[in-house]
Amino acid sequence: MSTKYNFGAGPCILPQEVFKEASNAVLNFNGLSILEVSHRSPEFVAVMDEAIALVKEVLNVPAGYSVMFLQGGASLGFLISALNMSGKNKKAAYINTGTWSSKAIKEAKNAGLEVVEIGSSEDKNFNYIPKDLTIPNDCDFLHFTSNNTIFGTQFKAFPKGDIPLVCDMSSDIFSQEINVADFDIIYAGAQKNLGPAGATLFIVKESILGNSTAEWLPTYLNLKTHHDKESMFNTPPVFSIYVSMLNLRHLKQNGGVPAIEKINIEKANILYTEIDVNPLFEGATAVEDRSNMNVTFKLKNESLTDAFNKAWNEAGIVGLKGHRSVGGYRASIYNALPLSSVQVLVNLMRDFAKANS
Ligand SMILES: *Cc1c(COP(=O)(O)O)cnc(C)c1O
């Protein structure tokens, strides 16, 4: 069993039961190790089928959508989504809410698209979500990042215009109910809320497949390839998909997305409340845009930095240091992080305030 409280941003904690079952399968999966099993074996094809079926079930994916597991992470997803959504305008709208959005914009340009940045929070180091956006009609699609893992902001209402919507949901997929029908492409690296690093989940409206106007569309980057081959075009990341499937089973058995969403809101409320009432700390983002997955905060008095770092390290907390572009602290409280771990952090912050004020 893990003995530390892992608030890391990713790869991140998964349920202990999932770790245990995954480790059993490393030693014995139908008489082989899951690490040596053929991806074309009936046993693994069944795993892939169940993983896809579970994604559809827990997210209420409507008919007409394809669920695929690719590789390359969300970072390749930036390029894949832009290439596959290239339409007659060769122009796309992007909302720039941080590092990952900026990288997505760069890849859209690499895909040969003209990019219109319809909103950006770069003026305040991405500590808020831009509002009142005008979504142009002459763009092939609108891309946004639902949760900004590094800065700790999250869209509380998704943008909606008359053009297709594409979303990088890497760090909040499966954490809250969503309406998949609003999107043409949702993509997410597995390692935040789904499973071990390696697989990248794509949920794609089937009617967009094969319609790309991109002049350069390599076989692997064409989503139709993976749809037609049911995620078996080449060797898929077998272990990542297997453990993702176990985690989805676990999520379903525990009440699915609606149940975990309630717990996620409760965890975030407990932590943000402490940040607001504790005299030594302050939140790092606009209050109305606070992420329920990545909670960013700062010490008001930086001279206490060494003392606070010592305190949480000694308490067995890991991964609390903020991203270098933001500083301060970031508590990632993904689905699998138990409420009891949030309570450990909150108690530590309280004790630290008592000892230092
Ligand atoms: C982690 C993360 C990425 C990068 O994912 P990779 O799988 O490492 O490429 C992209 N977008 C968001 C929102 C992330 O949280």
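Is Arg-249 buried, partly exposed or exposed? I looked it up: Arg-249 counts as partly exposed, at 29% relative accessibility. The cut-offs are under 20% relative accessible area for buried and over 50% for exposed, with partly exposed in between (1.4 Å probe, protein chains only).

A note on ground rules before I go further. This is a predicted model, in which local features need pLDDT of at least 70 and side-chain atom pairs count only at pLDDT 80 or more, while totals for chains, interfaces and linings use all residues. Residues are numbered from 1 along each chain as its sequence is written, and side-chain values use heavy atoms, leaving out hydrogens and water.

**Entry: salt bridges**

I found twelve salt bridges in the structure, each a side-chain nitrogen of Lys or Arg within 4 Å of a carboxyl oxygen of Asp or Glu. Arg-249 has one with Glu-21, with 3.8 Å between the closest N and O atoms. Arg-249 belongs to helix H6 and Glu-21 to helix H1 (residues 16-27), so this pair ties together parts 228 residues apart in sequence. For helices I took DSSP runs of H or I with at least four residues, for strands runs of E with at least two, numbered from the N terminus. Glu-21 is partly exposed as well, at 38% relative accessibility. I also noted that Glu-21, Glu-50 and Arg-249 are linked in a network of salt bridges.

Next I checked Glu-288, which forms a salt bridge with Lys-131 at 3.5 Å between the closest N and O atoms. Glu-288 sits in the loop between strands S11 (281-283) and S12 (294-299), and Lys-131 in the loop between S4 (114-120) and S5 (142-145), so the pair ties together parts 157 residues apart in sequence. Lys-131 is partly exposed at 43% relative accessibility.

Asp-184 and Lys-205 also meet in a salt bridge, 3.3 Å from N to O. Asp-184 is in the loop between S8 and S9 and Lys-205 in strand S10, 21 residues apart. Here I noted that Asp-184 is buried at 8% relative accessibility, whereas Lys-205 is partly exposed at 25%.

**Entry: helix H2**

I then turned to H2, residues 42-58, whose 17 residues reach 24 Å from first C-alpha to last. That is close to the expected 24 Å, taken as 1.5 Å times one less than the number of residues. Its buried residues include Phe-44, Val-47, Ala-51 and Leu-54. The buried residues of H2 fall within an arc of 160° seen down the axis, so they line one face of the helix; the arc is that of the directions from the helix axis to the C-beta atoms. They pack against strands S2 (65-70) and S10 (200-205) and helices H6 (238-253) and H7 (256-277), with contact meaning heavy atoms within 4.5 Å.

**Entry: aromatic rings**

My search of the whole structure gave 16 aromatic pairs. Rings of Phe, Tyr and Trp (its six-membered ring) pair if their centres lie within 6.5 Å; planes under 30 degrees apart count as stacked, over 60 as edge-to-face and the rest as tilted. Phe-158 and Phe-183 are edge-to-face, at 5.6 Å centre to centre and 75° between the planes. Phe-183 is buried, with a relative accessible area of 1%, while Phe-158 is partly exposed at 27%. Tyr-187 and Phe-202 are stacked instead, at 5.7 Å and 20°, and both are buried.
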